[in-house]
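Please look over the sequence and the structure shown here before reading on. The report is meant to be read alongside them.

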Amino acid sequence: MKPTLLLTDPLFLQHDPGEGHPESPARLQRILGVLSRAPVRGTVMASPRSATDAELMAVHTPELLTRLRKLSGHQAQIDADTHVSPDSVDAARLAAGASVQAVEAVMAGQARNAFALVRPPGHHAEPDRAMGFCLLNNAAIAAEAGRRLGAERVLVLDWDVHHGNGTQAAFWGRRDVMYQSVHQFPYYPGTGATPEVGRGAGEGYTVNVGLPGGNSDADYGMLFEELLLPVAEAYRPQLVLVSAGFDPHQHDPIGGMDVTERGFAAMCSAMRALAERVCDGKLVLLLEGGYSLEGLSQSVHACIEVLAGRTDSFPTGDVHTDAKDALAASRQVMKQYWSALS
């Protein structure tokens, strides 16, 4: 059996947005501590390479990359949420490189699947703008790598509590990358409304489900099984990427959801099963948010166990009325594009 590849590096701990900032080095330190105490059989850990300029420019403008280069080696504030320390830009380039390397290993058949344990996160970074704790968009850069390596269709599923405006923007007018997001709405960054479906050639290839908050594992299970997975199955991606944010965890200080470790494991199981059905298991997870150190680390560990072979299912239970309403609204919008929902 091929291994599950875990990519990380000490440089990610050098990105320090400052005292009291939720996106702290302690996040990755806690994850690595849990993995050290309870290693998962069937995984291998490796250090990644940095992304090249060409890999970054597949998504980002030269102007953004120039602005970031000028911040390298400095302490600075990009916006109210996004701060950099002297090593942050190098860490971001390494995070992007890890995302590309994970895709390369999976596409080449060297790894069963992969998880890039990186920071800073990436899904808010737009082609021309760093924002929302994010400097470079790891998921979009990884998707472009998959396209270069021959995947005609790439799926990016985003379960972070915040909508991935940057990833959506990168592929808004395209159908070779489908973006699906389940997130809290209305909430930062304000995008991700149900009618946002893409435009032109990309119309129908962006799928948004916004939830008001307080939603449980059972709610997410319903949304996966009755909307996200049927559309993904019909799309038949040749590579599956997950923007794996763990801030929907019930103990997260920023998010407002009620998801547990088991819920994340079930979401990961669903995506692994999808990848096994449609693209020979080609699945890559990329670490995004998650600010409860305990919830984050335990949920990441549970997902790594799933990548290595464990299977979990969504807990049953009462489904909230607002989740049913969100599902109905999204299905109503998307069924004009996807007969699987009719």
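This is a predicted model: local features need pLDDT of at least 70, side-chain atom pairs count only at pLDDT 80 or more; totals for chains, interfaces and linings use all residues.

## The annotated region

An unreviewed UniProt entry lists residues 21-307 under "domain: Histone deacetylase", an annotation that may be inferred rather than shown by experiment.

## Enclosed cavities

Rolling a probe the size of a water molecule over the atoms shows where empty space is left. When the whole structure is searched, 2 cavities of 30 Å³ or more are found.

The largest cavity has a volume of about 40 Å³, and its lining is made up of Leu56, Leu65, Leu68, Arg69, Val89, Arg93 and Leu136. Two elements, helix 3 (62-71) and helix 4 (88-107), each give two or more residues to this lining, and helix 3 gives the most, with 3 residues. By class, the lining of the largest cavity holds 5 nonpolar and 2 charged residues, with no polar ones.

The second largest cavity has a volume of about 30 Å³, and the residues that line it are His15, Pro17, His21, Glu23, Asp81, Thr82, His83 and Phe133. Here the lining divides into 2 nonpolar, 4 polar and 2 charged residues.

## The largest pocket

The largest pocket has a volume of about 180 Å³. Its lining draws on separate parts of the sequence listing, with Met1, Lys2, Val106, Gly109, Ala111, Arg112 and Asn113 among the residues that line it, together with Arg272, Glu276, Asp280, Gly281 and Lys282. Sorted by class, the lining of the largest pocket comprises 6 charged, 3 polar and 3 nonpolar residues.

Val231 is placed in helix 7, which spans residues 217-235. Is this residue buried or exposed in the model? Val231 counts as buried because its relative accessibility is 0%, and the cut-off for that class is under 20%.

Which residues does Val231 touch, once those up to four places away in sequence are set aside? The contacts are with Met178, Gln180, Val207, Trp338 and Leu341. A further relation concerns Ser342, which is 111 residues from Val231 in sequence, while the C-alpha atoms of Val231 and Ser342 are 11 Å apart in space.

Terms used: Residues are numbered from 1 along each chain as its sequence is written. Side-chain values use heavy atoms; hydrogens and water are left out. Helices (H or I, at least four residues) and strands (E, at least two) are DSSP runs, numbered from the N terminus. Buried means under 20% relative accessible area, exposed over 50%, partly exposed in between (1.4 Å probe, protein chains only). Contact means heavy atoms within 4.5 Å. On a 1 Å grid over the protein atoms alone, a cavity is a set of points where a 1.4 Å probe fits but cannot get out, and a pocket is an open set with protein on both sides within 12 Å along at least five of seven lines; lining residues have an atom within 4 Å of a point. Grid points are joined across faces, edges and corners, and a volume is the space filled by probe spheres set on the points. Ala, Val, Leu, Ile, Met, Phe, Trp, Tyr, Cys and Pro count as nonpolar, Asp, Glu, Lys and Arg as charged, and the others, Gly among them, as polar.
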